[in-house]
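Got a minute to go over how two chains meet in this model? Have a look at it first, then we'll take it question by question.

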Amino acid sequence: MTENQGLLAIELEIFKHLFASIAEEMGERLMRSAYSPNIKERRDFSCALFDASGEMIAQAAHIPVHLGSTPMSVSAAMKAFPAETLSPKDLIVLNDPYQGGTHLPDITLIAPCFLPGEKTPRFFVANRAHHADVGGISPGSLPLSTHIDKEGLRISPMRLTEETFTWICDASRTPEERRGDLRAQIAAAHLGTRRLRSLCEDYGPKTVSLRASQLQDYAERVMRAIIRDIPDGSYIFEDALDNDGQGSTEVPLHCTLVVSEEKATLDLRKCAPQVQGPLNAVRAISCSAVSYALRCLAPSELPSNGGTMRPVEVLTTPGTLADAVWPAPVAAGNVETSQRLVDLVLGALSKALPERIPAASCGSMNNITIGGTDPRTQQPFAYYETIAGGAGASPESPGASAIHTHMTNTLNTPVETLEHAYPFQVSAYRIRSGSGGAGHHRGGEGVERTYRFEAHAEVTLITERRTRSPYGLQGGEDGARGLNLHNGKPIPGKVSLEVMPGDLVSINTPGGGGWGAADDEP
Amino acid sequence: MNQTEVRIAVDTGGTFTDLVLYNAHHQTLATHKLLSSNDDPSRSVLQGIAELLQKAQVPDTAPHVLHGSTVATNALLEGKGGKAAFLTTRGFEDTLHIARQNRPDLYALSPSRPAAPIPRERCLGVQERTRYDGSIQTPLTPEAIEAVLERLRALRVESVAVSLLHSYANPAHEAALGEAISRHLPGVHLTLSHKLLPEIREYARGATCAANALVAPKMNAYLQRLEDQLGDEKLRIMASSGGHMTAREVRKEPVHTVLSGPAGGVVGALETARLSQPQVPPRLITFDMGGTSTDVSLCDEKPTLTTRGSLGALPVRVPLIDIHTVGAGGGSIAWIDAGGALRVGPRSCGADPGPACYGKQKEKPIPTVTDAHMVLGRLLPDRFLGGTMRLIPEASQAAIQTLADPLGLSLEETATGILRIADITMARAIKVISVARGHDPRDFALSCFGGAGGLHACRLAESLGMRRVIVPQHPGLLSALGMLFAPGVYNLSESLLLTLHGQSAPDPETDMAITSARARMEHTIKARLASEGFPEESCEIQISADLRYKSQSHEISTPVTHNTTRMLADFAEKHRHLYGYTSPERSVEVVTLRVRGLGHRAKPRLKRLGRSLSAKAPSQTVQTWFRDRFLPTALVQRSDLRAGDTLTGPAILTEYSSTLIIPPTWTLHMDKEGNAHLQHHPEDAK
């Protein structure tokens with residue numbers, strides 16, 4: 001017998017809140033009990049719930065690049081550990097980009113949720129946190145590498161035990177911080193399974209599972225309705241990465257969007273072959289970028305679950321920039337190429353929906369890692385930060401300035417706490433005036449953040465849009481390219497350098513593109 | 001302060017201004033309510049006071065006035081404050097505009113942030129630099145000061161906030177700038193960050209100072225109008241931290257009043273619970289549901305304070321009662337979304353045009369939470385606001401029908417669904433302040449006030465497993481009542497950033513630094529309270545420290561005793577409670593030391609209700625929907641109840657500004673103080 005659709009309309013809304021509040025509470029717990037500023041101050045983590053088949057039920061809105069990729073972590077864990085081999089005490093940990101991960105600093109922890117009397121898990125909970133250092137050739141584990149093995153410890157899906165826990169932490173330059181952060185991830189996972197079990201006690205396991213799948217169907221319906229409103233057709237957009245940090249420049253990006261009634265296909269197969277530098281994105285990231293771009297067309301309260309991607313197909317070819325395979329280095333695929341893939345997908349969408357899609361945003365997370373030994377304490381340190389840029393202007397409004405866009409939403413580290421914690425200063429942190437693209441609506445302005453060093457240190461910058469500008473749309477001008485400076489002299493977008501006391505490194509982030517031709521001055 | 005005084009508490013709300021007069025000599029209360037004059041709230045405040053003095057037949061002596069004001073809140077929320085400037089270290093002029101660089105809505109196609117409190121053209125950089133350890137890197141020169149003064153003169157500002165980098169570590173530059181500004185720009189309101197909030201984290205501190213500077217001109221003009229009539233000696237303003245401050249202090253630091261009225265409500269709930277059961281330490285979750293939003297707060301014997309609060313999107317880091325607000329209220333609109341789910345809010349009809357049953361909606365009817373209650377027979381058309389406003393049930397039915405048709409449900413099923421969804425939104429808000437912070441709501445009673453709270457309280461409590469609900473007497477005047485009970489308050493804080501090496505035996509030097517900072521602050525506070533007329537024996541000093549394991553960035557507020565080892569043990573215990581583990585191997589950092597002084601006064605003694613002579617027959621029976629059917633329901637006026645009276649659900653208790661639903665399996669008991677206590681008996685459910 002089918003359920004009364006009217007009553008279902010009520011239950012859907014109620015369970016949407018129930019599931020979402022569990023994911024959010026996990027996130028709150030993880031953030032509060034973690035150790036590293038990266039998780040606590042910058043909030044570089046996310047939490048999600050999954051059904052027995054590994055399809056996502058709910059995700060707390062934290063970091064979009066995790067949105068489409070965390071489900072792949074759960075699938076990889078389920079593949080490595082089939083349901084009948086799992087026990088309630090198990091925790092599965094992984095970061096292997098080729099088996100459910102994205103880049104090595106993002107460590108994902110997955111816990112099966114068993115109900116009393118059941119032999120296989122009814123749900124899974126997962127959380128992913130960006131760890132400030134997981135070893136590799138440079139502090140912060142975001143090196144300009146040429147091989148995955150140089151990027152740090154690679155964890156294929158495995159049970160978290162005393163031994164594996166120690167093995168993971170000891171691979172880091174800051175093992176104590178890893179222990180604190182991993183413990184926080186464990187606490188959050190346990191909280192999630194506990195809350196799901198008590199939800200099943202309150203409503204009955206069958207009902208909870210049924211509502212989870214109905215919510216996925218609901219999100220699918222919403223997404224189908226959105227795609228239906230996009231005119232059928234084939235839309236092509238092309239762009240290129242600045243470079244791969246290892247000598248290749250103008251690395252081609254290509255996307256064909258095919259919309260047919262309620263179905264969308266994103267074909268990324270014509271993107272360049274995988275590159276020598278760390279800009280390679282694994283398939284999980286390409287799916288994340290597509291999922292995010294389409295999600296932006298939906299109302300903001302739409303639950304983030306597996307249903308949203310059902311009417312969407314993402315085509316990639318293994319061995320390309322958008323679907324890298326071993327041993328490609330991938331550190332920056334997650335943080336840079338992901339941004340550029342969003343630009344690419346939105347660019348294709350702008351051809352279908354010219355009156356809706358905004359111009360390109362900054363297109364980079366403007367990553368900086370700094371490592372060395374703090375002369376005050378003789379202790380090693382690893383600092384990582386991403387820096388906001390300008391948002392693209394839209395048909396409705398100018399772009400916002402100094403704001404994180406698309407695949408990230410991490411907070412900045414307060415300058416005052418940073419200066420206590422590390423042997424360097426921030427000597428300027430301001431809006432980069434004039435960097436937004438002109439147009440009927442102006443693009444948002446980027447940011448200048450200048451560091452002044454007080455001790456010898458190693459600095460790695462991984463930044464995009466230093467040679468290719470963020471595009472304007474419908475006659476709007478491009479946003480200003482980013483510019484990195486060392487003691488006033490331009491340095492490449494991707495670079496590792498040794499700095500001396502008194503040195504200045506300045507990151508000037510790109511502005512957003514303008515939208516529409518500039519109005520004539522009266 | 002002598003005990004024979006007359007005290008009046010005035011709380012201005014969006015619709016009504018509520019007043020309570022306490023005559024300590026006669027131990028009597030008198031109450032009054034009038035419409036708020038929103039263009040200038042001082043008008044209704046002064047008019048209300050005059051009317052109440054007359055009503056209470058108190059000779060026209062100047063009473064002590066305690067005031068809950070929305071002036072700062074509204075100026076900040078609407079961004080309509082004075083013309084203010086923000087000064088900071090050169091290179092960081094955009095601190096307020098970069099904020100934390102994140103966006104509030106993750107999936108907005110065009111992301112945006114709420115506007116900063118002060119526009120960019122009035123955010124100025126000063127050439128100077130202090131380092132993290134307080135040493136001076138770039139001295140502040142007379143030329144730099146003159147350059148800033150010149151720009152300020154040209155901008156013709158009314159108010160200036162100064163928040164230089166690391167001023168909490170060394171305030172010298174800030175103090176010098178402050179001195180120059182007050183000398184050369186007399187009449188300009190001045191906010192110095194090392195005075196208002198000497199705490200690390202430049203954005204949070206700067207934003208709090210900017211908020212203070214923004215609201216100061218409005219608040220000063222407003223207080224001037226009140227003081228002209230009432231005298232500045234006798235006016236105190238309710239602060240967001242649950243105590244009141246002199247008007248003179250509030251003129252300097254108006255940002256302390258952003259949650260003025262709501263703080264009164266929480267104190268009122270707590271104090272009435274304490275009066276009602278003096279032997280039981282009150283553990284409450286307060287639930288204040290109005291037309292557009294709902295405030296919830298947790299009180300474990302005292303209000304929970306936070307120093308990481310915000311108003312809207314703006315950090316306000318002075319101590320606030322930790323009140324969590326969700327956009328769900330009686331006016332929240334029910335609708336069906338693109339995926340076919342029934343939704344409630346976040347849009348609201350507010351008080352104007354209000355729910356369909358108010359009869360003020362134009363064009364097609366818009367169904368709201370209040371209309372759902374109407375359809376289920378839970379609101380009585382002729383009892384609203386004491387019968388002064390007649391509600392139109394047919395309008396509610398027509399509005400709910402617009403949803404029932406597409407859903408294929410009956411009116412009652414649709415209305416029940418709307419209420420369940422509204423309840424789950426509010427239950428989620430309560431979980432945020434309880435479960436997510438390590439408290440089990442089942443250990444707390446739900447204290448319910450505000451116009452719409454009584455309609456939801458029992459079902460909401462049930463959904464959280466809470467078995468007790470308290471509806472204080474005068475639920476519509478609770479904020480004002482709370483102000484009568486509240487102490488005078490003065491808060492100080494200081495960033496110490498000291499490390500306690502070795503957790504069992506802290507080194508004497510650090511211990512000494514804590515002790516001397518604490519003694520200094522205590523001295524300041526005691527002197528301040530004494531100058532406000534609180535004798536030393538009436539003063540209570542609470543000292544706490546924000547502690548964290550070294551390199552963590554979230555602190556836990558821990559009470560400070562003279563025994564540092566004890567403080568560390570308390571911290572570890574709290575850490576375990578909140579986060580599930582401790583790290584005995586790590587050093588602990590003392591980030592901020594906080595001293596809070598409370599000046600207590602004799603609390604009002606309220607008149608008790610008469611004893612019940614005999615159980616009264618319910619005056620009337622109506623048909624009300626519970627779960628899946630209409631049940632005959634007793635309709636009782638609260639004023640008819642006496643101490644000791646009980647009622648068994650289903651029943652409806654009405655009073656002037658609110659309606660209390662008592663579902664089946666709940667019973668009500670009136671105590672001597674006039675509070676209604678409700679108890680759930682789930683075992684009675686068949």
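Q: How many residues does the contact take from chain B and from chain A?
A: Contact here means heavy atoms within 4.5 Å. This is a predicted model, where local features need pLDDT of at least 70, side-chain atom pairs count only at pLDDT 80 or more, and totals for chains, interfaces and linings use all residues. Side-chain values use heavy atoms, with hydrogens and water left out, residues are numbered from 1 along each chain as its sequence is written, and chains are lettered from A and ligands numbered from 1 in the order in which they are written. The contact takes 68 residues from chain B and 86 residues from chain A.

Q: Which three residues supply more than any other three of the area that chain B buries against chain A?
A: Buried area is the accessible area (1.4 Å probe) that two parts lose on being put together, summed over both. Between chain B and chain A that comes to about 6800 Å², with carbon and sulfur atoms giving 52%. The trio that supplies 14% of chain B's buried area against chain A is Gln101(B), Tyr107(B) and Leu109(B).

Q: Which residue of chain B forms a salt bridge with Glu11(A)?
A: A salt bridge is a side-chain nitrogen of Lys or Arg within 4 Å of a carboxyl oxygen of Asp or Glu. The count between chain B and chain A is 7. For Glu11(A), the closest N and O atoms are 2.8 Å apart, and the partner is Arg420(B).

Q: Which element gives the most to the side of chain B that touches chain A?
A: Helices (H or I, at least four residues) and strands (E, at least two) are DSSP runs, numbered from the N terminus. Several elements of chain B each supply at least two residues to that side, including helix H7 (202-230) and helix H16 (564-579). The one that gives the most, with 8 residues, is H12(B).

Q: Why does the salt bridge of Arg310(A) and Asp217(A) tie together parts that are apart in sequence, and how many residues apart are they?
A: In this pair the closest N and O atoms are 2.8 Å apart. Arg310(A) sits in the loop between helix H8 (283-295) and strand S10 (312-315) of chain A, and Asp217(A) in helix H7 (residues 205-228) of chain A, so the parts tied together are apart in sequence by 93 residues.

Q: What is the order of the 5 strands in the open sheet of chain A?
A: Two strands pair if DSSP finds at least two bridges between them. The pairing in this sheet is antiparallel, and the order is S13-S14-S19-S16-S17.
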